[in-house]
Amino acid sequence: MKDAYNRTIDYVRIAVTDRCNLRCFYCMPENGIPYEPRPHLLSYEEITRLLNVLSTLGFSKVRFTGGEPFLRKDFMQLLENTANATDFQSIHITSNGTLLEKHIPKLKDLGITKINLSIDTLDPERFKTITRRDDFEKVMRCFHLLLENNFQVKLNAVIMAGINTQDIVPLAKLAERYPVSVRFIEEMPFNGGYKQNVKMFSAQAIRTTLENHFGTLTPLPGLHGDTSTEFSLPGHLGQIGIIAAFSRTFCNTCNRLRIGPKGEIKSCLYDDGVFNIRDFMRSGVSDVELTEKFEEIIRLKPKDGFEAERMRKAPNTAMKSMSSIGG
Ligand code: SAM
C-alpha cells in the first residue's frame, strides 16, 4: 500500500517484548525500565492475526525484535506460526545473540535465516562497559555458529563519540573474512529518557573514519526501503553499511511500520505512538475494521522523522527506551 508520499509501505517491525538481558547504556538505564506485565503484551495469536491482516495490504517483510525476542517464552511458537500460517516469506530477527544458539536448528527448519546481531565492539572489556554484562564470548560464538549454518547475518554497531569509534575499522574488517554486512548506526536519543547528552558520532564522521582506512567508498545501489547506505570493499567477502538513524537522510524511501510490545503503532520511529492496535483488537473489531485502521495509519504516515518529532505530544525528554519501541 502507498502512503501520501507515494512510498510503498510493506515492512512491519514487531517488538515482541520490552525485556532485555543486556543493559546497553545507550538504550536503557542500568536498573532497566518498568517492564509490562505479560497480559499487556500482544499474544502470539494476536500478532499472527495482525500479520495476516497486513499481508492482505501487501506487507511482505516482517522483523521480530524487542527487547530481546529470544527472552519471550513463546517466541519460537510465534515464528512457527508466522512461517506456516501467514504469507510472510521474508522473516527477519534482530537479536543480541546471547540466547539464540540453541534455537539455530529450529530456525533452519523454519527457513528463517536472516538475522541481525547487535555488537558494538570487538573488545571484550568495552563490550562489558557498553552492555553492562559479560556476554562477549557468547555473542561471538553465536555469530560464528550462524555463519557456519549459512545464515544471512548482518551486524549492527551503534557508534558513539568517545566510546567505541576505535572499533569502527576492526568491526569493518570482519567483512573481509566473513560474508556479512557490518552496519554502523548513529546513536539516537531512545534510551528511556534518562540520558540527555547523546554522544552522536555522525554518519559522515563514520564514513570519514572508514575512508581514512579503506580509501574512497562508493555506495552500492540502494534496495527498496534500505536505511543503510552500503559499500563494498575490494577483496572483501562481505560489505559495510552506514545508517544515518539520527540524521534521518533516508525517510523518502521509508517502507515501514512499527508495532510495539503493547500494540502501540509507530508510523515513524520519531513519533510518540499513533494508535494502540491491541486495545482496538481486544474491543472485538473485525479484520475489515483492522484493515481500514491500518490504511488510515499508513495514509497519515509523516513525511520524515523531523515532521514526526514536531508532531509529538510527549516532550523529547520522554523518549522511550529502544527496548520498548523495537529497534
Ligand atoms: N535485543 C535485540 C538486539 O540487541 O539487537 C533487539 C532490540 S535492540 C533495541 C535493536 C537495535 O537497536 C540494536 O541494534 C541496538 O543497538 C539498537 N539501539 C538501541 N538503542 C539505540 C539507540 N539509542 N540508538 C541507536 N540504536 C539503538
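Is glutamate 46 buried or exposed? Glutamate 46 is buried, at a relative accessible area of 14%. Buried here means under 20% relative accessible area, exposed means over 50%, and partly exposed is in between, with a 1.4 Å probe and protein chains only.

Some ground rules. This is a predicted model, where local features need pLDDT of at least 70, side-chain atom pairs count only at pLDDT 80 or more, and totals for chains, interfaces and linings use all residues. Residues are numbered from 1 along each chain as its sequence is written, and side-chain values use heavy atoms, with hydrogens and water left out.

Back to glutamate 46. It lies in helix H1. Helices are DSSP runs of H or I with at least four residues, strands are runs of E with at least two, and both are numbered from the N terminus. Set aside neighbours within four places in sequence, and glutamate 46 is in contact with Leu41, Met281 and Arg282. Contact means heavy atoms within 4.5 Å.

Now the helix packing. Two packed helices are described by the angle between their axes and the distance between the axes. Axes are lines fitted to C-alpha atoms, for helices over the stretch in contact, and angles run from 0 to 180 degrees between N-to-C directions.

Take H1, residues 44-56, with H2, residues 75-85. Their axes come within 10 Å and cross at roughly 25°. That makes H1 roughly parallel to H2; the cut-offs are under 35 degrees for roughly parallel, over 145 for roughly antiparallel, 65 to 115 for roughly perpendicular, and oblique for the rest. H1 passes H2 in a right-handed crossing. Right-handed means that the near helix is turned clockwise from the far one by less than a right angle, left-handed anticlockwise.

Who makes the contact? H1 brings Tyr44, Ile47, Thr48, Leu51 and Asn52, while H2 brings Gln77, Leu78, Asn81, Thr82 and Ala85. By class, that is five nonpolar, five polar and no charged residues. Nonpolar covers Ala, Val, Leu, Ile, Met, Phe, Trp, Tyr, Cys and Pro; charged covers Asp, Glu, Lys and Arg; the others, Gly among them, are polar.

H2 has buried residues, including Phe75, Met76 and Leu79. The buried residues of H2 pack against H1, strand S2 (61-65), strand S3 (90-95) and helix H3 (104-110).

Next partner for H1: helix H9, residues 287-299. The angle is about 65°, with the axes 10 Å apart. This crossing is right-handed too. From H1 come Arg49, Leu50, Val53, Leu54 and Thr56; from H9, Asp287, Leu290, Thr291 and Phe294. That contact has five nonpolar, two polar and two charged residues.

Cysteine 251 is in no disulfide either, with the nearest cysteine sulfur, in cysteine 268, 6.0 Å away. Cysteine 20 is buried at 17%, and cysteine 251 is buried at 11%.

Last, backbone angles. Arginine 132 is not a glycine, yet has a positive phi of about 60°. It sits in the loop between helix H4 (124-131) and helix H5 (136-148), partly exposed at 22% relative accessibility. Arginine 248 also has a positive phi, near 55°. Its loop runs between strand S8 (239-243) and strand S9 (256-259). Arginine 248 is buried, with a relative accessible area of 8%.

Definitions and conventions
Disulfide = S-S within 2.5 Å.
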